[in-house]
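Thanks for coming, everyone. I'd like to walk you through one structure today, so let me put it up on the screen.

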Protein chains: 2
Amino acid sequence: MVRLHICMTCKAGLPPEEGVPCVGAQVFAAVSALEIPAGVEVVPVECLSACNAGGVVALSAPGRWSYVYGRMAAQNAAEILVGAAAYERAPDGLVPWRERPVIFRKQSLARIPPMEAKHD
Amino acid sequence: MVRLHICMTCKAGLPPEEGVPCVGAQVFAAVSALEIPAGVEVVPVECLSACNAGGVVALSAPGRWSYVYGRMAAQNAAEILVGAAAYERAPDGLVPWRERPVIFRKQSLARIPPMEAKHD
């Protein structure tokens, strides 16, 4: 099972507007309204500390590289789930470039090596 | 044991100069020249996918939040190690704000929840 973390507090640099959910909450609602791919767990989180680049999502799983993506919006929900499904199919988290959604290719904020990996 | 990953390929947006190590390699060399705090393992890595924000370092350990920091330079080596030592002392990876080095407060790129954490 891989986790798709969605920051619920991302305001994408915008002032909060009464009665309007922030960008992060909009992304979460849009993703949750779609069919979640097998093996993917959607996890809402408070602040992924990338506030200037919100909406932010992160993919992680034991033994895999973790990835953080920024400038996500509700209309990217389907593409985010395509990317999460591709990540789920990659045992080390390294998805071949051509299988990554365009928003993941262009809007990567950072990645972190797996805990268990050895590095040269 | 916590890991301090240092991107060895960070060019910080600068064109490569023959015979001059890139920013990432400079950060790694400067950190390696200092005394590494107990419980911290320095791990060079190839590309943390935050190329526009290099030099980049990341802290991670099983069961802890992972953190990525950007715009690091060789002269920040001592402060990076102070931050790594504070992270090592924080069982969940959450270092109290006032104990974080200023460069970590101001130059966070992102954080990722621990694999094991439960979220509401």
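**Where the two chains meet**

So, the contact takes 30 residues from chain A and 30 residues from chain B, contact meaning heavy atoms within 4.5 Å. Before I go on, some housekeeping: this is a predicted model, where local features need pLDDT of at least 70 and side-chain atom pairs count only at pLDDT 80 or more, while totals for chains, interfaces and linings use all residues. Residues are numbered from 1 along each chain as its sequence is written, chains are lettered from A and ligands numbered from 1 in the order in which they are written, and side-chain values use heavy atoms, with hydrogens and water left out.

Back to the interface. Chain A and chain B bury about 2,200 Å² between them, with 62% of it on carbon and sulfur atoms. Buried area here is the accessible area (1.4 Å probe) that two parts lose on being put together, summed over both. Which residues of chain A lose the most area to chain B? They are Arg111(A), Ile112(A) and Met115(A), and together they make up 29% of what that side buries.

As for polar pairs, the rule finds 10 residue pairs in polar contact across the interface, both residues at pLDDT 80 or more. A polar contact is a pair of N or O atoms within 3.5 Å; within protein, one must be able to donate a hydrogen and the other to accept it, and residues adjacent in sequence count only if both atoms are side-chain atoms. On the chain A side, strand 1 (2-7), strand 2 (40-45), strand 3 (57-60), strand 4 (66-69) and strand 5 each give two or more residues. Strand 5 of chain A has the largest share, with five residues. Helices (H or I, at least four residues) and strands (E, at least two) are DSSP runs, numbered from the N terminus.

By type, that side of chain A divides into 19 nonpolar, six polar and five charged residues.

**Salt bridges**

How many salt bridges are there between chain A and chain B? The count is zero, though the structure holds two over all chains. The rule asks for a side-chain nitrogen of Lys or Arg within 4 Å of a carboxyl oxygen of Asp or Glu. Arg3(A) forms one with Glu41(A), the closest N and O atoms being 3.3 Å apart. Arg3(A) sits in strand 1 of chain A and Glu41(A) in strand 2, so the pair ties together parts that are 38 residues apart in sequence.

Now the gaps. On a 1 Å grid over the protein atoms alone, a cavity is a set of points where a 1.4 Å probe fits but cannot get out, and a pocket is an open set with protein on both sides within 12 Å along at least five of seven lines; lining residues have an atom within 4 Å of a point. Grid points are joined across faces, edges and corners, and a volume is the space filled by probe spheres set on the points.

The largest pocket has a volume of about 600 Å³. Of its 26 lining residues, the closest to the centre are Ala50(A), Ala53(A), Leu109(A), Ser108(B) and Leu109(B). Helix 3 (102-106) and strand 5 (108-112), in chain A and in chain B, each supply at least two lining residues. The lining divides into 11 nonpolar, seven polar and eight charged residues.

There are three cavities of 30 Å³ or more, and about 80 Å³ of space lies in the largest cavity. Its lining includes Ile112(A), Met115(A), Ile112(B) and Met115(B).

Last stop: the peptide bond from Gly54(A) to Gly55(A) is cis, with omega near -10°. Gly55(A) is in the loop between strand 2 and strand 3 of chain A.

Definitions and conventions:
Ala, Val, Leu, Ile, Met, Phe, Trp, Tyr, Cys and Pro count as nonpolar, Asp, Glu, Lys and Arg as charged, and the others, Gly among them, as polar.
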